Amino acid sequence: MNKTDKIYVAGHRGLVGSAIVRSLQAKGYENIIGRTHRELDLTSQQEVREFFEKERPDAVILAAAKVGGINANNTAPAEFAYENMQIQCNVIQCCHEYQVKKLLFLGSTCIYPRMAPQPIPEDALLTGPLEETNEAYAIAKIAGLEMCKFYKRQYSDDFISCMPTNLYGPHDNYDLEGSHVMPAMIRKFHEAKVNGEPAVTLWGTGTPLREFLYVDDMADACVFLLENYSGEQHVNIGTGKEVTIRELAETVKKVVGYTGQIVWDQTMPDGTPRKLTDVTKLHGLGWRHKVELEEGVKLAYEWFKENESEARL
């Protein structure tokens, strides 16, 4: 890509999109555009086509999606499937029609089978049943990355896909009804500390293993792939390191400075028992993460405290 290329970041104000914008700007890309949901409804084929007709972007990063944690996925699977597939179909087709030079589609490691081999290699996709608690979202994302592959295969479009692991950092969603595990923990421990509560209740057993990547590291990897990769196969983005949810809770508790007890509600679901990405492919291309977990939690917590009034609560 050229530094003067017009780059459309779909979802530019979210956790992922805002980090990608920061990374692009830091690397000297000058012509970055974005639209809020109010300005452009990506589920509307007409609005998306009118946008592409007017703006004619050179590159597109599709970071917009309907996302949420276990509870949100369990209670609204139809919306997760429909809205995500609408967004993907509209944007990917317009990227083809308007001859976008480069498209990066962002998936999620929840697309892999529930009992995938660990660490999870890229070729584990579609080799077994999905985790039921986020099946609708996963199916939509699988459809998106397969579309990119098919457009590349049929039309030679330079459409690539990446699969980030669990992300956290600035502009995360802290709504306890729809957030992921990291921001939910940060908010719960912070509010318990402020309110002097003796205990914090967390879901499940605390035994599942998870991998966490600071979102600015993810963004750096995305820009690296835009500049250096054109393969058909998607690429995992992660650290290659994992912790139990219980270990994560202790880290967040320490960073927040909460001194009460942790209670595990074992009537609530754990989700996938283990989910660690195999990042051999990404390492082989020449990229590795920089921010380790405790440092990243500190950065995320500082952002939350400074932006609590504006954070998605």
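Start by selecting glutamine 99: with a relative accessibility of 69%, this residue counts as exposed. You are looking at a predicted model, so treat each stop as a computed feature of that model.

Stay on glutamine 99 and check its backbone. Its phi is near 55 degrees, a positive value in a residue that is not glycine. The residue sits in the loop between helix 4 (77-97) and strand 4, just after the helix.

Now step back and select helix 4 itself. How far apart are its end C-alpha atoms? They are 30 Å apart, which agrees with the 30 Å that its 21 residues should span at 1.5 Å a residue.

Next, colour the buried residues of helix 4; among them are Phe80, Ala81, Asn84, Ile87, Gln88 and Val91. An α-helix has 3.6 residues a turn, so residues three or four places apart point the same way. Further along helix 4, Cys94, Cys95 and His96 are buried too. What covers these buried residues? Show helix 2 (45-55), strand 3 (59-62), helix 3 (70-75), strand 4, helix 5 and strand 5 (159-164), which are included in the cover.

From there, move to proline 119, in the loop between strand 4 (102-106) and helix 5 (135-155). Zoom in on the bond joining glutamine 118 to proline 119: this peptide bond is cis, with omega about -10 degrees.

For the last stop, select histidine 171, in the loop between strand 6 (166-168) and helix 6 (181-195). Its phi is positive, at about 70 degrees, although histidine 171 is not a glycine.

Note on methods: Residues are numbered from 1 along each chain as its sequence is written. This is a predicted model: local features need pLDDT of at least 70, side-chain atom pairs count only at pLDDT 80 or more; totals for chains, interfaces and linings use all residues. Side-chain values use heavy atoms; hydrogens and water are left out. Helices (H or I, at least four residues) and strands (E, at least two) are DSSP runs, numbered from the N terminus. Buried means under 20% relative accessible area, exposed over 50%, partly exposed in between (1.4 Å probe, protein chains only). The expected span of a helix is 1.5 Å times one less than its number of residues. Contact means heavy atoms within 4.5 Å.
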